[in-house]
Amino acid sequence: MAPKFFDKLFKREHKRSDYRFRPREFWANAIGISDSTCEIQGDPFNGWKLPIPAPEQSALKSRARQHDGQQTSWFFRLPMEVRRMIYIELMGNRRVHIEHSWMYQSAFQPKSKRGGKRWIWWHGVCQNSDSFVCDTYGDRCWGRDDESYASYTEGLTRAPPGTKIQGVEWLSYEEALPVLYGTNVFVPREGIDSPFIMSRLIPPTCAQLIRSVDFTFVFCWDLDLTPGAKAWTTVYPALFDILEQYFSKVHSLRLTIKLPAWEKMKQTMSDSKLNKIVAPWETLARNRDWKRLEFCVPLDWRSVFTKRAETQSIWELTVTDWFDWDVRSAGRGCGM
Ligand SMILES: [Zn+2]
């Protein structure tokens, strides 16, 4: 008995401690990016594999939405324009921070019996804006940590008014989905893994309704400083495949790329390297009619991209105040 017990204990401890070495969300080998880090109907408590639905599950879900007793409810006797106004009031025309990560439940999520980290969705309605903000870096509003803090310090048991999308129960009705997905600006949690995770979890029928997205990620390209750094050569182009195909109906997009300090990169930068960063973006820009298209880089990189930006009028070059302060450190980079 005893050896088995210790064996089990050791395995458990070993597994737990391994999580310290789990790829971070801003690394190119983050969980959820490559197929090998995902598992169909996997364990939500396993931080090493992103659980994803079976393809047939997504199809079943969207069929279920069409089988509601819509005609019998008073609500559905209202004209469609009125119903749409109600949906917008509850869940539309907002800037919404979203996240699907392996994390602890927030204080306001329904408690389950099992504790610990799990794969879970979180969202928070932006407290700064209903649309795009000048610089995502400055958009520090109500977040997941604030929920736990407010719960702990103020004894709140529910999210404060205005911080959550309302009327989630209406989402079982297919007609509410274009309002939720089509009128909000989605701000996925910062990290290169976010667009990949979204593409694996949100059914394509819903993704096709999304119109506005504000993506930000730390881009340690060409810096061999983080584990999986070499994966950037495949992950960066794959990001644009997702933007081209999965987010194909998006017409307003800002892509903020937090690059390592220019001071650190300028010695090794060449036209061909620069082209690898900008070319996929330029292709994306040409392939669609855009209402708003912003390529946002740190201030110290602006002059590097200015010439490319000035040769066209489809996308705008904008800057973030974010700066990689860790310029001189050899072992770390990208502000980590
Ligand atoms: Zn915000």
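**Helix packing, H10 against H11**

The crossing of H10 and H11 is right-handed. This is a predicted model. H10 covers residues 271–286 and H11 covers residues 302–310. Their axes lie 12 Å apart, at an angle of about 40°. That makes the pair oblique, because angles under 35 degrees count as roughly parallel and 65 to 115 as roughly perpendicular.

Now the residues. H10 contributes Leu-274, Asn-275, Ile-277, Val-278, Ala-279 and Glu-282. H11 answers with Val-304, Phe-305 and Arg-308. By type, this contact holds 6 nonpolar residues, 1 polar and 2 charged.

For reference, take another helix pair. H6 (residues 193–201) and H8 (residues 232–245) have axes that come within 10 Å and cross at roughly 45°. H6 and H8 are therefore oblique to each other. Their crossing is left-handed. On the H6 side, the contact uses Pro-195, Phe-196 and Ser-199. On the H8 side, Val-235, Ala-238, Leu-239 and Ile-242 take part. The contact of H6 with H8 divides into 6 nonpolar residues, 1 polar and no charged.

To sum up, the H10 and H11 crossing is right-handed, whereas the H6 and H8 crossing is left-handed. The contact of H10 with H11 includes 2 charged residues, whereas that of H6 with H8 has no charged ones.

Conventions. Residues are numbered from 1 along each chain as its sequence is written. This is a predicted model: local features need pLDDT of at least 70, side-chain atom pairs count only at pLDDT 80 or more; totals for chains, interfaces and linings use all residues. Side-chain values use heavy atoms; hydrogens and water are left out. Axes are lines fitted to C-alpha atoms, for helices over the stretch in contact, and angles run from 0 to 180 degrees between N-to-C directions. Helices (H or I, at least four residues) and strands (E, at least two) are DSSP runs, numbered from the N terminus. Angles under 35 degrees count as roughly parallel, over 145 as roughly antiparallel, 65 to 115 as roughly perpendicular and the rest as oblique. A crossing is left-handed if the near helix is turned anticlockwise from the far one by less than a right angle, and right-handed if clockwise. Contact means heavy atoms within 4.5 Å. Ala, Val, Leu, Ile, Met, Phe, Trp, Tyr, Cys and Pro count as nonpolar, Asp, Glu, Lys and Arg as charged, and the others, Gly among them, as polar.
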